[in-house]
Amino acid sequence: MREALLMGQPGAGKSEILRALARTARRRMERGRAAGFPAAGRPPGAPGLPGEALVLSLGRWGRLRVWEVPGLGSRPLPDPGLRWLQSRALALAVTSGLVLHVVDAAAVGARGKEALEEADWELAAVGLRRGDGYLLLAAQMDRPWAATGLERLRRWLEPPAVLPVSARTGEGIAGLLRYLRRVRPLRPLGSR
Ligand SMILES: Nc1nc2c(ncn2[C@@H]2O[C@H](COP(=O)(O)OP(=O)(O)OP(=O)(O)O)[C@@H](O)[C@H]2O)c(=O)[nH]1
Ligand SMILES: [Mg+2]
């Protein structure tokens, strides 16, 4: 199954985006319009570990599992199982996974570069290198300073693609679902 990875700092807004996406996909399905069916899932390779994943059926591109990668912060997580998940996600990020890089735009607006972790710069570099396998989700757009943060993220991280979202208001969530439906299966980086 294809993998989409919600990655970013602890508290960036990954879980809320996953929930909002599940709600939107379910609503679409209920209206009978599109094949978005969320099902319960677990992050791959993580039996018994906490984590959330959403499986979307995307018509001719098959199924896509969107999963939340444990937050990449300034300190390593104490649980080796969660660190293993993070390293597996990073490996997929540079090879064949679809990277959904979540950054709290309001925090960047209010605190500038202080609000970005090393992992954010590294993921952005993966985005620059990969191009089509990367989407920056500028999250929490309903909060003060988020517009300033969005402008800075565009300038500083030079993302090949960016989508402003708010799990609170629903801004950008339908657009994210459309993006996931449209994106083609990615070839591993080395095969281009
Ligand atoms: N106003 C507002 N608050 C948000 C939004 N998204 C998330 N939050 C808040 O930000 C906090 C962190 O959100 P989460 O979605 O749990 O963050 P996360 O990235 O999953 O964090 P970890 O799982 O710890 O890595 C919570 O208190 C949310 O209520 C948003 O779009 N708007
Ligand atoms: Mg979370």
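The largest nonpolar core has 52 residues, and L5, M7 and A138 touch the most other members. A nonpolar core here is a set of buried Ala, Val, Leu, Ile, Met, Phe, Trp, Tyr and Cys residues joined through C-beta atoms within 7 Å. Buried, in turn, asks for 20 or more other C-beta atoms within 10 Å of a residue's own, exposed for 12 or fewer, and partly exposed covers what lies in between, with C-beta atoms placed from the backbone. Strand β6 (residues 134–139) gives this core the most, six residues. Helices (H or I, at least four residues) and strands (E, at least two) are DSSP runs, numbered from the N terminus.

A quick word on what you're looking at: this is a predicted model, where local features need pLDDT of at least 70, side-chain atom pairs count only at pLDDT 80 or more, and totals for chains, interfaces and linings use all residues. Residues are numbered from 1 along each chain as its sequence is written, while chains are lettered from A and ligands numbered from 1 in the order in which they are written.

Back to L5. Leaving out residues up to four places away in sequence, L5 touches W67, V69, A89, L92, A93, G97, L98, V99 and L100; a contact puts two C-beta atoms, placed from the backbone, within 7 Å. Across the protein chain, residues 24 or more positions apart make up 70% of the contacts with a separation of 6 or more. The chain has six helices and seven strands, and 39% of its 192 residues count as buried.

Now for helix α6 (residues 173–182), where I173, L177 and L180 are buried. Down the axis of α6, these buried residues fall within an arc of 60 degrees (taken over the directions from the helix axis to the C-beta atoms), so they line one face of the helix. R178 and R182, on the other side of α6, are exposed.

Next, ligand 1. Of the 15 residues around ligand 1, G13, K14, S15, G71 and R168 come nearest, where being near takes a C-beta atom, placed from the backbone, within 6 Å. Helix α1 (residues 14–30) gives the most to this shell, with three residues. E16 also sits in helix α1, and its C-alpha atom is 8.1 Å from that of R168, 152 residues apart along the chain. E16 is partly exposed, because 16 other C-beta atoms lie within 10 Å.

Finally, confidence: pLDDT, the predictor's confidence in each residue from 0 to 100, has a mean of 83 over the protein chain, with 81% of residues at 70 or more. Over residues 30–42 the pLDDT is below 50, yet this stretch has 28 contacts in the model beyond near neighbours in sequence.
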